[in-house]
Amino acid sequence: MNPEKWIWLSLAIPFGSLRIKRVISHFGSADAVYASDRETIKAACLSLFSKEIEALADKDLTEAKKIVSQCIKKNIRITARGDSEYPERLWHTDNPPAVLYLKGEPLCVDEKAAVAIVGTRNASSGGEAASEKIAAEIAACGGVVVTGLAKGIDSCAARGALRAGGKVIGVLGCGVDICYPRGNKRLFAEVENSGTIISEYPPGTEPSRYNFPKRNRIMSGISLGTVVVEAPKRSGALITASLALEQNRDVFAVPGGIFEVAAEGSNELIRAGAIPVMSGYDVMTEYEGNFGICVGSPVKSGTVRDKKQEAADTPADVNKSGKADESFSFPDGYLGKFTPEEQAVLKAIGGQELRADDISEKSGVKIQRLLSLMTLLEIRGAVKQIPGGKYRIVL
């Protein structure tokens, strides 16, 4: 791959244009386009604008060489169609980028069950907790979480996947050398260390409101499905969901309260046919058996369990009245595996089946922090969520 000529090609036609794929498909490579003169390009009948034909007829590589030099200095990789890191899944969309810039681990998304998680930047505490929980569960099943790394739902999804030891692909609407939002520096570093940050925009490109809708097609394009956690009407998350449908991808949505403005778009998606989900396990059951995905034993949302199995799964020391069983005790040394905060939560549950708000009240851990802890404890197999939104200890 000649990175200079691919970058030259990517700069000749606007980002997000359908015409870039037509040009590459017709000529086969950036080298072939570069070797073609104005008349050959015009004769190809690719519906190019005159400005684009002139840009392709101009063989000046000065800007492309400058970008390659910046990438070398900043340890940024460049990938293009036909290169090992360029996702085939993305190429088979209508308007894939000619070039991707990458930082972090190698991008091997075609071999993974990648799922995008999107939602509002102005998320509620419940939406943030749901995003973190769903991402952690997707990661726990072996999936890869794709996120725009914006504040709100995006950032919570990244944190949830990372805390579960999973991989994250962050897709930016600016250069990969620019952290946006500025307050996410630590999160960006974590994603770069254990995942991949990608963008079609050259290094140094500042974020722009025009870039993000174009960025969304890449998020949905490299993913098998998109989960909308919390989205008001006319939000960027709904644009991503629409693009996913156009790309023949799955669309999932987390149901929200009928009076919640932030859930209006999500609920509308469900009415329109999106798959309703309440956990990452719900999402991953769609891909179980592929890419090495094994969801395991978590209960699918909305399923009716066999009563005998329900009884077998219930510890003998759980008091059905909801009152604490004073005889409940943890095995010797068990609590030592957990942080003091986690120990407080486990002790608060004891031998009972409790809702999150009750656990919060008994343990003294604030509800938003508690929901994050419950996700981690579920992943570690210490607690289990059961029908009715309650949690119980698993020993």
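Visitor: What supplies the largest share of the lining of the second largest pocket?
Guide: The model is predicted, with pLDDT of at least 70 required for local features and 80 or more for side-chain atom pairs, while totals for chains, interfaces and linings use all residues. A pocket is an open set of points on a 1 Å grid over the protein atoms alone, with protein on both sides within 12 Å along at least five of seven lines, and lining residues have an atom within 4 Å of a point. The largest share is five residues, from H11.

Visitor: Which residues are the closest to the centre of the second largest pocket?
Guide: Numbering starts from 1 along each chain as its sequence is written, and side-chain values use heavy atoms, leaving out hydrogens and water. Of its 18 lining residues, the closest to the centre are Arg121, Arg215, Ser235, Gly236 and Ala237.

Visitor: How many residues of that lining are charged?
Guide: Asp, Glu, Lys and Arg count as charged, Ala, Val, Leu, Ile, Met, Phe, Trp, Tyr, Cys and Pro as nonpolar, and the others, Gly among them, as polar. Eight lining residues of the second largest pocket are nonpolar and six are polar, while the charged ones number four.

Visitor: Which elements do the buried residues of H12 pack against?
Guide: Buried means under 20% relative accessible area with a 1.4 Å probe, protein chains only. In H12 the buried residues are Ala237, Leu238, Thr240, Ala241, Leu243 and Ala244. With strands taken as DSSP E runs of at least two residues, these buried residues pack against strand E3 (114-118), H11, E7, strand E8 (250-253) and helix H13 (264-271).

Visitor: Why does threonine 226 count as buried?
Guide: Threonine 226 lies in strand E7 (residues 225-228). Leaving aside neighbours within four places in sequence, its contacts (heavy atoms within 4.5 Å) are Ala116, Val118, Ser220, Thr240, Ala244, Asp250, Val251 and Phe252. Threonine 226 counts as buried because its relative accessibility is 0%.

Visitor: What volume does the largest cavity have?
Guide: A cavity is a set of grid points where a 1.4 Å probe fits but cannot get out, and the whole structure has two of 30 Å³ or more. Residues lining the largest cavity include Ser10, Phe15, Pro97, Glu200 and Arg217. By class this lining has eight nonpolar, two polar and two charged residues. The largest cavity has a volume of about 70 Å³.

Visitor: Which residues line the second largest cavity?
Guide: This cavity holds about 40 Å³ of space. Its lining has five nonpolar, two polar and one charged residues. They are Gly148, Ala150, Leu172, Gly173, Cys174, Tyr180, Phe212 and Arg215.

Visitor: At what angle do the axes of H8 and H9 cross?
Guide: Axes are lines fitted to C-alpha atoms, for helices over the stretch in contact, with angles from 0 to 180 degrees between N-to-C directions. The axes of H8 (residues 125-140) and H9 (residues 153-163) come within 7 Å, and the crossing angle is roughly 40°.

Notes. Helix = DSSP H or I, 4+ residues; strand = E, 2+ residues; numbered from the N terminus. Points joined across faces, edges and corners; volume = space filled by probe spheres on them. Buried < 20%, exposed > 50% of the residue type's maximum accessible area, 1.4 Å probe, protein only.
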